[in-house]
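Subject: Handing over the two-chain model

Hi,

Here is the structure I promised you. Have a look at it first, and then read on for what turned up in it.

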2 protein chains.
Amino acid sequence: MSTVIHHETEISVDPDLPVVRITREFDAPPEKVFRAHTDPDLVVQWLGPRGLQLTVEHYDCRTGGSYRYTHADADGEYRFYGAFHEVRAPERIVQTFTYEGFPDGVSLDTLTFEDLGDGRTRLVTSSMLDSFEGRDAMLSSGMDVGVREGYERLDELLAS
Amino acid sequence: MSTVIHHETEISVDPDLPVVRITREFDAPPEKVFRAHTDPDLVVQWLGPRGLQLTVEHYDCRTGGSYRYTHADADGEYRFYGAFHEVRAPERIVQTFTYEGFPDGVSLDTLTFEDLGDGRTRLVTSSMLDSFEGRDAMLSSGMDVGVREGYERLDELLAS
């Protein structure tokens, strides 16, 4: 029986820029939430929705590193890749992101880990797309389900 | 005596996005212009304004690679770094860019090499900043001098 508390995941857009902003609190300190993003053995346990199998080809989360992984279910495979522009422990990660099904689309994602005290962290992910159309395509892709479920899985990992 | 023709470098902004777009033609085919961007032994011969010494710490221009270099003159050193999100020869490079003097500023740069035929190439570089203020800071930084002089040096390298 799980006693893990799941906080709300807020997804909002910017009026002036093609940015999607995701805000989520976690009941764990920044160092621990940060490590769950940088250690591939942990990432593989929570990233993405339930019901998809994550296979990491490589995940070298350091400034100048890169990643490539596949989400798969019975319907098919979804491949993603990007580069880590900056990894500044335990406060900030800047990385690029592309879904191979739309190879010319790129987002620049900035993750900020804010220490709320009392062993709590606010994570804000700001994804900048290269157009408002790209932003709307991202919003209508069902990404919100994957984000919410992924963060619930991350809650469970952090509590374990 | 140089007989190299220098084409105009056009620098423009987007009305809706914090993007700086740089357009420049070269009298060389895409493969050759592309290679001058990916081979560090060539990059070091043209990137940046005249009068600055470029020192490459590393320049691993492949999908998932990264770079770090320093421009120096008598007044000081200027360090830059970023990651290569995608290197798709000979048509497209997507990379991140940060000037260490402003470490939280990041641009996402997309370089497109268009084959104009007759051994000519149009290079379009689209730099997306994370705010309109960041874009204006980039425009007022004197970057235009470095871009124009760098491309004149690239003309000379391509003609040699």
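Between chain A and chain B, about 1900 Å² is buried, and carbon and sulfur atoms give 62% of that area; buried area here is the accessible area (1.4 Å probe) that two parts lose on being put together, summed over both. Each side is listed by contact (heavy atoms within 4.5 Å): 29 residues come from chain A and 29 residues from chain B.

Before you go further, please note that this is a predicted model, in which local features need pLDDT of at least 70 and side-chain atom pairs count only at pLDDT 80 or more, while totals for chains, interfaces and linings use all residues. Residues are numbered from 1 along each chain as its sequence is written, chains are lettered from A in the order in which they are written, and side-chain values use heavy atoms, with hydrogens and water left out.

Back to the interface. There are 4 salt bridges between chain A and chain B, where a salt bridge is a side-chain nitrogen of Lys or Arg within 4 Å of a carboxyl oxygen of Asp or Glu. One of them joins the side chains of Arg92(A) and Asp104(B), at 3.8 Å from N to O. On the side of chain A that touches chain B, strand 4, strand 5 and strand 6 each give two or more residues, and strand 5 gives the most, with 7 residues. Strands (E, at least two residues) and helices (H or I, at least four) are DSSP runs, numbered from the N terminus.

Two backbone details may interest you. The peptide bond from Ala89(A) to Pro90(A) is cis, with omega near -10 degrees, and Pro90(A) sits in the loop between strand 5 and strand 6 of chain A. Asp118(A), in the loop between strand 7 and strand 8, has a positive phi of about 55 degrees although it is not a glycine. Asp118(A) is also exposed, at 76% relative accessible area.

Best wishes

Technical notes: Buried means under 20% relative accessible area, exposed over 50%, partly exposed in between (1.4 Å probe, protein chains only).
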